[in-house]
Amino acid sequence: MRRHHRRKRKLLEFTHSSTRATMLMLAAAVAALVIENTPVLPYFAEFWHTFDIGISLGDFAPRLSLEHFINDFLMAIFFLLVGLEIKFEMTAGELKNPRKALLPILGAAGGAIVPALVYTAVNVGSGFEQGWGVPMANDIAFCLGILALLGSRIPAGLRSFLSTLTIADDIIAIMVIAVFYTANLDVTWLAGGLGLFAVLIVFNRLHIYDLLPYIVVGLGMWVCFLMSGVHATIAGVLLALAIPARSQVKLDRAPGWFAARARRADDRYDPGEPDIVQKEYLSEVAEIGRVSRLSIPPITRLDHRLHIPVYFFILPLFAFSNASVVLTGMDLLSIVTNPVTIGVFCGLLFGKPLGIFLATWLTVKLKLSDLPQGVNWGHIGGVSVLGGVGFTMAIFVTNLAFVDPNMIAMAKAAILAASLIAGIAGFFILRAVTDEEDEEPVR
């Protein structure tokens, strides 16, 4: 039994490490890159595009290739988790306090606008101007994973600033996807999806705390958005925003209730009887367990259930199926001189850090907000550079922005290169800043 608990504890430690999740995604991307540049490529590509997944309800029988299933359905679950994190920040996190939230929000806005302008400046007249949204997107998992490598040396305020900044960045990316990267719009299906979202809001107002009704209606909303032309992943965010953030149990009364119930259970326990016949005792324990579960807000319950499948299955699978770049047969000079490559690379590596830092600096200088406690401009510089890690979100937008496989490959190559450099540079900048602080003499 002790060995079982030890294994379970190790599994929990492993699956709740953002660094390990980041390494797994990176390994999946590297594996795809290697496979795509070997003779296995034709079979690898055929597997993603020809393996169909579908449902059939009478004449309504939508089918998705495995690649589209990952990008449209599984990534909707990722966006659901992102939406839960957004709602948490709006309900109890930094986004609840307008003055505190203003600094990372404006930093994220600057980090979205400047790289889009850099890309547009490079690609004016190229015919690929639609890719301006690619370098806007930041990768929350990679940024927090890299920050976690520095451990306790990072101030809590900086961790909070980066978390809120990446959440705000995700909100901007979601809005960009919904407004600018939507296919031909089918108003009927869109109206159906919005109608189901209204049903979810009614569930919330009626104080329905069971997750199952939300999930069932959310699946219907996902189908409506998929058929409407609006990217189906938006359904995940809307579902998250509708799920209650409050507990079904009045928490101020819970301690007294649990204490009284525990005493009743203790009174009903007979040490001379086998466990399986202790019906009254087991009934009391079951009631304590039921109320304990109800005490946890629905968004928290769902967040806990989604964390492992999203970070240790969905995102690595997305990276494995989408991060690959076919380099064989391509001229290296044509890759590095292509305006799409230059625009995405410069937008992420230079535009993103510049936008985050300038927007943060202006916000503080205009006295609209203050730096978090314990955070200095060296920290902000390091985090700004980390902002250039695009990866998951940037690759996701790439698939929406371009149709030409060559342009998709160019953009992905630029994303991988810029993200790698930004991640390494941001890590060493932050380590240097924290090392300097450790070496300062006590005054």
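Which Phe residues form one aromatic cluster? Phe78, Phe79, Phe318 and Phe396 do; rings of Phe, Tyr and Trp (its six-membered ring) are taken as paired if their centres lie within 6.5 Å, with planes under 30 degrees apart counted as stacked, over 60 as edge-to-face and the rest as tilted.

The structure is a predicted model, in which local features need pLDDT of at least 70 and side-chain atom pairs count only at pLDDT 80 or more, while totals for chains, interfaces and linings use all residues. Residues are numbered from 1 along each chain as its sequence is written, and side-chain values use heavy atoms, with hydrogens and water left out. The predictor's confidence in each residue is given by pLDDT, from 0 to 100; the protein averages 83, and 86% of the residues score at least 70. Helix H1 (residues 2-15) has the lowest mean pLDDT among the elements, 50, whereas H15 has the highest, 95. Over residues 11-15 the pLDDT stays under 50, and for this stretch the model has 6 contacts (heavy atoms within 4.5 Å) beyond four places in sequence.

The protein comprises 18 helices and 2 strands, defined as DSSP runs numbered from the N terminus (helices H or I, at least four residues; strands E, at least two). Of the contacts between residues at least 6 apart in sequence, 80% join residues at least 24 apart. Buried residues make up 46% of the 443 residues, where buried means under 20% relative accessible area, exposed over 50% and partly exposed in between (1.4 Å probe, protein chains only).

The largest nonpolar core has 110 residues; such a core is a set of buried Ala, Val, Leu, Ile, Met, Phe, Trp, Tyr and Cys residues joined through side-chain atoms within 4.5 Å. Val344, Phe391 and Phe402 have the most contacts inside this core. Beyond four places in sequence, the contacts of Phe391 include Met25, Phe142, Ala323 and Leu416.

Aromatic pairs number 14 in the whole structure. Phe69 and Phe73 form a stacked pair, because their ring centres are 5.2 Å apart and their planes lie at 25°. These two residues are 4 apart in helix H4 (residues 66-91), and therefore about one helical turn separates them. Phe73 is partly exposed, at 22% relative accessibility.

Helix H15 (residues 339-365) has a kink of about 40° centred on Gly347, the bend at a residue being the angle between axes fitted to the seven residues ending there and the seven starting there. The N-terminal end of H15 is capped by Asn338, which has a side-chain oxygen 2.8 Å from the backbone nitrogen of Val340. Asn338 lies in the loop between helix H14 (332-336) and H15 and is buried, with a relative accessible area of 12%. Beyond four places in sequence, Asn338 is in contact with Met407 and Met410. After H15 comes Lys367, with a positive phi near 60°.

The loop between H15 and H16 contains Gly374, which is exposed at 51% relative accessible area. Its C-alpha atom is separated by 6.0 Å from that of Pro155, although the two residues are 219 apart along the chain. Gly374 touches Pro155 and His379, when residues up to four places away are not counted. In helix H16 (residues 377-386) lies Ser384, a buried residue with a relative accessible area of 2%. Ser384 is in contact with Lys352, Pro353, Ile356 and Phe357, leaving aside neighbours within four places in sequence.

Definitions and conventions:
A polar contact is a pair of N or O atoms within 3.5 Å; within protein, one must be able to donate a hydrogen and the other to accept it, and residues adjacent in sequence count only if both atoms are side-chain atoms.
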